[in-house]
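Please keep the sequence and the 3D view at hand while reading.

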Amino acid sequence: MNRVLRLGIIGCGEVAQSIHLPTLRELPQLFEVVALCDVSSAVLDALAGQSIGAARFTHHRELLADARIDAVLIANHSVDHARTALDAISAGKHILLEKPVCINLPEADSLQAAEAGSGLVVQVGFMRRYAPAFTEAVERVHTLRDSIMLARVHDVIGMNSLILNSIGAVTARSDLSADARTRARSAMAASIAVAIGHGEAGRARAYEVLLGLGSHDISAMRELLGTPKRVLFAAYRHGGFVLTAALDYGHYVCQVEIALDHLPRFDTHIEVYTERQMLRVDYDTPYIRHIPARLQIMGTHGSAGITSSSCFPTRRDSFTLEWESFHENICQRRQPKTSIADAREDLVLFREMIGLMA
């Protein structure tokens, strides 16, 4: 039986302000935001008018001590994901954990161990995998796997701020001290070193890009195609902001292209080719809400022609569908498809990719 879940939000930065809070305001039958937490008092003050009556905290453990809270969104700095999630599990809270799940495999293993037997839902925030165009593509590709000739994952986008700053203000953590920012950068560097060892700054940046943008791509690729046998090739250029890789699926190769630039657009898709058909899922920026992912299908028509279609079954936002799935998983005591164990597989692939990069 559905019930309204009382929610605490840990980390009220860009994605919480521009996406999660607006989404949750559209789902009052499922969630009530009762508490906000951020390291910045300036951010909390700015959000006071948007979440009337929500308690405000500057440390996540204070929020987790609130007995009213059923579940939490963890959307703070990536380096703090594992520690915050472990504390939330100890406090008995269900978790929607923004990607990346954590920074390295030891953290992922700690999260899995804590989750086991807890009876809690821990769902990782890969919203692209909840888009109906994508789930339809998964069903179609499942019947085509033996005939795939080539696959391609392409994700080249402009910096998020190029789009976000043009459509609405996000309150920055202007009151955060220089020392606090330095400590966060140092903690991130240390966690990345655990994942891939010490080395060139470009390799560390490439790993950060994989954790951020690349985790969406590789997670969706694995659901669509399965886990590759191995990484054949991987390289980074332009200081780690441009990555390419070739992944071995036995009878075909999946090409991966990921890059960040300064063009204000979102050029993101996954393509699958067989001898007689091409399927492609296109994504647009999540910062303009309710733009649906689209499924394009091209096939043969007659002896020398083609037929093509572009479709989407709903205009509902992928984040909305992700939140609805989270609610269902809690109420039905169901394991999410985007689980800790599932997200851990991305970290394994990232480590292999970085190991080949030069």
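Two strands are taken to pair if DSSP finds at least two bridges between them. The model is predicted, and in it six strands form an open sheet with the order β3-β2-β1-β4-β5-β6 and parallel pairing.

**The sheet**

- The edge strands of this sheet are β3, covering residues 55-57, and β6, covering residues 122-125, each of which pairs on one side only.
- From one strand to the next, the twist of the sheet averages 25 degrees.
- Strand β1 (residues 5-10) runs parallel to strand β4 (residues 71-74), and four bridges join the two.
- Opposite I9 stands L73, which belongs to β4.

**Helices α4 and α5**

- Helix α4, made of residues 81-90, and helix α5, made of residues 105-115, have axes that come within 10 Å and cross at roughly 10 degrees.
- Angles under 35 degrees count as roughly parallel, and α4 and α5 are therefore described as roughly parallel to each other.
- On the α4 side the contact involves A82, A85, L86 and I89, which meet E107, S110, L111, A114 and E115 on the α5 side.
- By class, the residues of this contact between α4 and α5 divide into six nonpolar, one polar and two charged.

**The second largest pocket**

- The second largest pocket holds about 240 Å³ of space.
- Its lining consists of 15 residues, and those that lie nearest the centre of the pocket are A189, I192, A201, A204 and R205.
- Two or more residues of this lining come from each of the elements α8 (178-196) and α9 (201-225), with α8 giving the most, namely six residues.
- Sorted by class, the lining of the second largest pocket has seven nonpolar, three polar and five charged residues.

**Cavities**

- The count of cavities of 30 Å³ or more comes to three, and the largest cavity has a volume of about 150 Å³.
- The largest cavity is lined by 16 residues, of which D284, P286, I291, D317 and S318 are the closest to its centre.
- The residues that line the largest cavity divide into eight nonpolar, three polar and five charged.

Notes:
Residues are numbered from 1 along each chain as its sequence is written. This is a predicted model: local features need pLDDT of at least 70, side-chain atom pairs count only at pLDDT 80 or more; totals for chains, interfaces and linings use all residues. Side-chain values use heavy atoms; hydrogens and water are left out. Axes are lines fitted to C-alpha atoms, for helices over the stretch in contact, and angles run from 0 to 180 degrees between N-to-C directions. Angles under 35 degrees count as roughly parallel, over 145 as roughly antiparallel, 65 to 115 as roughly perpendicular and the rest as oblique. Contact means heavy atoms within 4.5 Å. Ala, Val, Leu, Ile, Met, Phe, Trp, Tyr, Cys and Pro count as nonpolar, Asp, Glu, Lys and Arg as charged, and the others, Gly among them, as polar. On a 1 Å grid over the protein atoms alone, a cavity is a set of points where a 1.4 Å probe fits but cannot get out, and a pocket is an open set with protein on both sides within 12 Å along at least five of seven lines; lining residues have an atom within 4 Å of a point. Grid points are joined across faces, edges and corners, and a volume is the space filled by probe spheres set on the points.
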